[in-house]
Amino acid sequence: MRTGTESKKLKSIIGEFGIIIALLLEIILFSSLSPFFFTTDNLLNVTLQTSITAIIAAGMTFVILTAGIDLSVGAMVAFSGVIATSLLKLNLPFSLSFPLAILAGVAVGALSGAFAGLFVTRFNITPFIVTLALMTIWRGSAYIYTDGRPIWGLPEAFGILGSGRLFGIPVPTIVMVIVYVIAYVLLTRTKFGRYVYAVGGNKEAARLAGINTNKVILLVYVISGSLAAISGVILASRMNSGQPNAGLMYEMDVIAAVVVGGTSLFGGRGSIIGTFLGAMLIGILRNGLNLLNVGSYVQMVVLGIVILLAVLLDQMRIK
Amino acid sequence: MQPILEMRGITKQYPGVLALSNVDFTLNAGEVHCLLGENGAGKSTLMKILSGATPKNSGSIFINGKEVFFHSPADSQKHAIGIIYQEFKLVPELSVAENILLGSEPTLGNTPFVDYPAMHKIARSALQQLGENIPTDVAVNSLSVAQRQIVEIAKAISKKVKILAMDEPSAALTENELRNLFTVIRKLKSEGVGIIYISHRLEEIFEIGDRLTVLRDGKHIHSCSVKEADRKRLVGWMVGRELDQEFPRVELQRGPEILRLENVRGGILSNISFNVHKGEIFGFAGLVGAGRSEIARIIFGADKKEEGKIFFEGREINPRSPRDAINLGIGLLTEDRNRYGLIMQMNVRENISLSNLRDVANGIFINRKIEDKIARKYSDSLRIKTPSMEQMVENLSGGNRQKVVLARWLFTKSKLLIFDEPTLGIDVGVKYEIYEIINNLAKEGIGVIVISSDLPELIGICDRIAVMWEGKLTGILKREEVTQEKVMTLATGGTIDAYRN
């Protein structure tokens with residue numbers, strides 16, 4: 001009996017801090033296998049490499065918390081990237097075209113999110129289908145808009161968004177931290193955050209409690225679309241080009257980060273900190289395997305196994 | 001006569017809780033043995049042990065005098081034990097026949113192919129034994145709740161059960177359907193099946209039961225023949241103290257009119273007109289599906305009315321969403337609080353503040369401290385039994401869940417509260433508390449509407465009772481003139497000229 005309750009306790013501890021434990025194990029493992037892993041440079045590098053998907057994953061967390069899904073984020077990365085870079089090619093002074101490019105890129109994402117939210121709430125179409133359609137629409141649009149060719153020859157100064165550093169810290173990392181702080185405050189401290197959990201937990205009960213559920217759902221897609229677009233602009237800046245095939249399959253990495261972070265696909269349960277840790281877990285895994293010269297094909301298999309293990313840990317917590 | 005089932009000294013220990021302590025229970029062939037007790041008394045645990053789903057810690061089970069050991073539900077089924085749970089275990093998309101024979105499908109000889117004609121024949125004969133004519137080829141999700149229950153019973157019969165346990169079978173049934181169920185139970189009884197009947201509704205016990213056993217806090221309290229028991233003593237055994245009366249009664253001071261409906265039409269409703277005063281408890285009686293909840297939903301802005309007028313505090317209103325109604329001061333405690341009232345993934349504090357976050361927030365930011373204080377205040381005044389405000393509501397009992405929903409509406413400062421089936425599935429002791437709370441609300445000048453299928457409850461607490469039948473309001477009875485017979489006449493489409501609305 002005693003050992004029974006103790007093993008249960010152990011189980012719940014592993015479950016509660018599972019992702020942190022997994023993250024620590026991962027760090028210890030890679031530190032011991034590669035002398036290059038646990039260095040300031042490399043760790044900053046990890047946050048830089050992870051920032052793009054991590055920023056999108058923050059938005060995806062809002063969507064999944066309402067029991068929705070947004071498959072259009074990867075395509076949005078490409079579309080907002082080509083829209084932003086194309087504006088930089090206009091004959092405008094950089095001080096004007098730079099903010100214009102960022103604003104236009106983000107606006108496209110917000111509009112796409114509003115569109116998705118409208119279809120989900122007004123026409124009652126499942127988020128999976130709506131965003132699947134948007135995914136191919138935006139990917140196709142990116143190819144049409146660029147004629148299938150990358151947009152090159154951008155002003156060098158544009159590169160600061162993706163490759164610049166502030167006090168030695170990569171700009172995308174800083175953006176990511178800001179996004180996560182805001183997302184954390186929104187989800188845990190505001191009425192809107194509470195409504196997101198309520199709508200995901202029980203939509204009809206939330207409506208009968210007086211919550212404007214349609215507004216909440218619309219907003220989470222706007223957040224997701226906007227953050228995907230921000231990532232798209234940052235990625236374009238890092239590559240110093242607008243690539244219509246950028247962000248391919250990003251939606252999978254992003255959803256994996258959210259789920260590994262413990263957010264339930266059924267809605268109502270999960271946290272933004274979990275998503276951050278989930279994104280880092282995957283990012284460190286990628287980085288560590290690269291340092292160890294593990295081929296990308298093997299990496300895919302390892303990543304899949306890690307996702308399964310992480311979700312298994314989470315199951316223990318729920319039980 | 002040897003009992004077909006004997007459970008002796010059953011003890012079940014869960015971590016931290018002694019769910020059953022040395023409980024005895026016997027069942028004879030051809031009797032209906034009622035199992036009574038408040039939620040958490042141990043009825044469900046005892047049934048789970050009988051079903052083989054949960055192992056016991058000590059005690060023995062004998063079937064026809066022979067000791068048996070259950071390691072899984074399959075073992076229990078082998079001994080011809082059938083259990084019908086409150087939440088049916090049917091596959092909604094499969095047909096009636098497929099459900100009845102699920103797991104024991106007849107096959108074409110020794111092939112793996114299902115013999116559908118044989119399957120339908122067996123299913124039909126099981127249904128016919130129950131005197132039912134449900135088609136066997138329709139999907140279960142197209143059936144009414146009562147019909148699904150019949151399918152569950154047919155499923156048990158097709159397995160030739162000798163012991164049949166039914167957990168709250170009447171919870172979702174109308175009066176007519178209940179009659180039908182009782183006919184079926186009597187038939188099974190006459191065929192020698194022993195039936196364990198669990199219900200919160202005492203009238204049913206007196207009508208269908210032969211013997212009864214009361215559990216309280218996991219202990220066996222009393223067993224006797226139903227004839228030896230009366231309502232008052234039964235309630236006393238269940239709650240462990242004597243309740244002077246089932247319904248607290250206070251004289252209420254009726255205030256000015258707060259709500260008036262004039263010729264409202266919408267959905268199945270036609271020509272609904274009535275008014276409710278401040279400080280009045282206004283009841284709605286009628287069969288399930290008569291349109292009572294629909295009226296509540298229209299007043300609350302959850303459904304749209306097609307015609308007619310609604311006046312609230314003298315002004316015409318047109319709530320187009322629950323938010324509109326809440327802002328006016330209307331609250332609705334829905335019928336199925338688990339599905340439409342509470343957010344199960346949230347804790348007590350979050351569920352209480354949900355409809356009125358404005359009052360615990362500065363701008364968009366929630367003030368946790370104020371929120372916690374508010375939750376505590378209502379939790380104390382309603383005596384919600386919870387270890388803390390951070391407890392998930394899914395871990396609370398039915399009565400306490402109802403109180404959490406109530407706390408939410410009190411915090412929105414509702415002037416009109418609509419209770420849809422306020423005590424469904426709630427313990428006798430907590431029921432009394434809910435009635436007291438309703439009385440106090442009316443005393444404070446709140447208009448209260450109570451929709452209930454529990455007629456004694458309506459008669460016990462309401463000042464006036466409106467009766468519905470097929471979307472129409474067939475009459476409004478005053479407290480002095482109301483009788484069960486009059487209500488039932490109106491609820492089944494009959495008329496009582498003098499009381500016609």
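How many helices and how many strands are there in chain A?

1. Composition of chain A. In this predicted model, chain A holds 14 helices and two strands.

2. Dimensions and burial of chain A. The radius of gyration of chain A is 20 Å, which agrees with the value near 20 Å that a compact globule of 319 residues would have. Taken along the principal axes, the C-alpha atoms of chain A fill a box of roughly 75 × 60 × 35 Å. Buried residues account for 50% of the 319 residues in this chain.

3. Confidence. For the complex, the predictor reports an ipTM of 0.85 and a pTM of 0.80. The average pLDDT of chain B is 89, and 97% of the residues in that chain score at least 70.

4. Domains of chain B. The domain assignment divides chain B into domain 1 (5-239), domain 2 (245-329 + 414-494) and domain 3 (344-413). Taken over C-alpha atoms, the centres of domain 1 and domain 3 of chain B are separated by 37 Å.

5. Contact between the chains. On the chain B side, 22 residues are in contact with 20 residues of chain A. Helix H10 (322-328), helix H11 (337-341) and strand E18 (365-366) of chain B are the elements that each give two or more residues to this side. H10(B) gives the most, with three residues. By residue type, the side of chain B that touches chain A comprises 16 nonpolar, four polar and two charged residues.

6. Strand pairing around E9 of chain B. Strand E9 (residues 211-216) of chain B pairs with strand E3 (residues 32-36) of chain B in the parallel sense, over four bridges. In this pairing B:His33 stands opposite B:Arg211 of E9(B). E9(B) also pairs with strand E10 (residues 219-225) of chain B, here in the antiparallel sense and over six bridges. B:Leu215 stands opposite B:His220 in E10(B).

7. The hairpin turn. Which residue in the turn between E9(B) and E10(B) has a positive phi? The two strands form a hairpin with two residues between them, and B:Asp217 in that turn has a positive phi of about 50°. For context, most residues other than glycine have a negative phi.

8. B:Asn271. A positive phi, near 50°, is also found at B:Asn271, a residue other than glycine. B:Asn271 is placed in strand E12 (residues 269-277) of chain B.

9. B:Glu313. Where in chain B does B:Glu313 lie? B:Glu313 is located in the loop between strand E14 (307-312) and strand E15 (315-317) of chain B. The phi of B:Glu313 is near 50°, a positive value in a residue other than glycine. With 16 other C-beta atoms within 10 Å, B:Glu313 is partly exposed.

Definitions and conventions. Residues are numbered from 1 along each chain as its sequence is written. Chains are lettered from A and ligands numbered from 1 in the order in which they are written. This is a predicted model: local features need pLDDT of at least 70, side-chain atom pairs count only at pLDDT 80 or more; totals for chains, interfaces and linings use all residues. Domain bounds come from an automatic or database domain assignment. Two residues are in contact if their C-beta atoms, placed from the backbone, lie within 7 Å. Ala, Val, Leu, Ile, Met, Phe, Trp, Tyr, Cys and Pro count as nonpolar, Asp, Glu, Lys and Arg as charged, and the others, Gly among them, as polar. The radius of gyration is taken over C-alpha atoms; the globule rule is 2.2 Å times the number of residues to the power 0.38. A residue is buried if 20 or more other C-beta atoms lie within 10 Å of its own, exposed if 12 or fewer, and partly exposed in between; C-beta atoms are placed from the backbone. Two strands pair if DSSP finds at least two bridges between them. pLDDT is the predictor's confidence in each residue, from 0 to 100.
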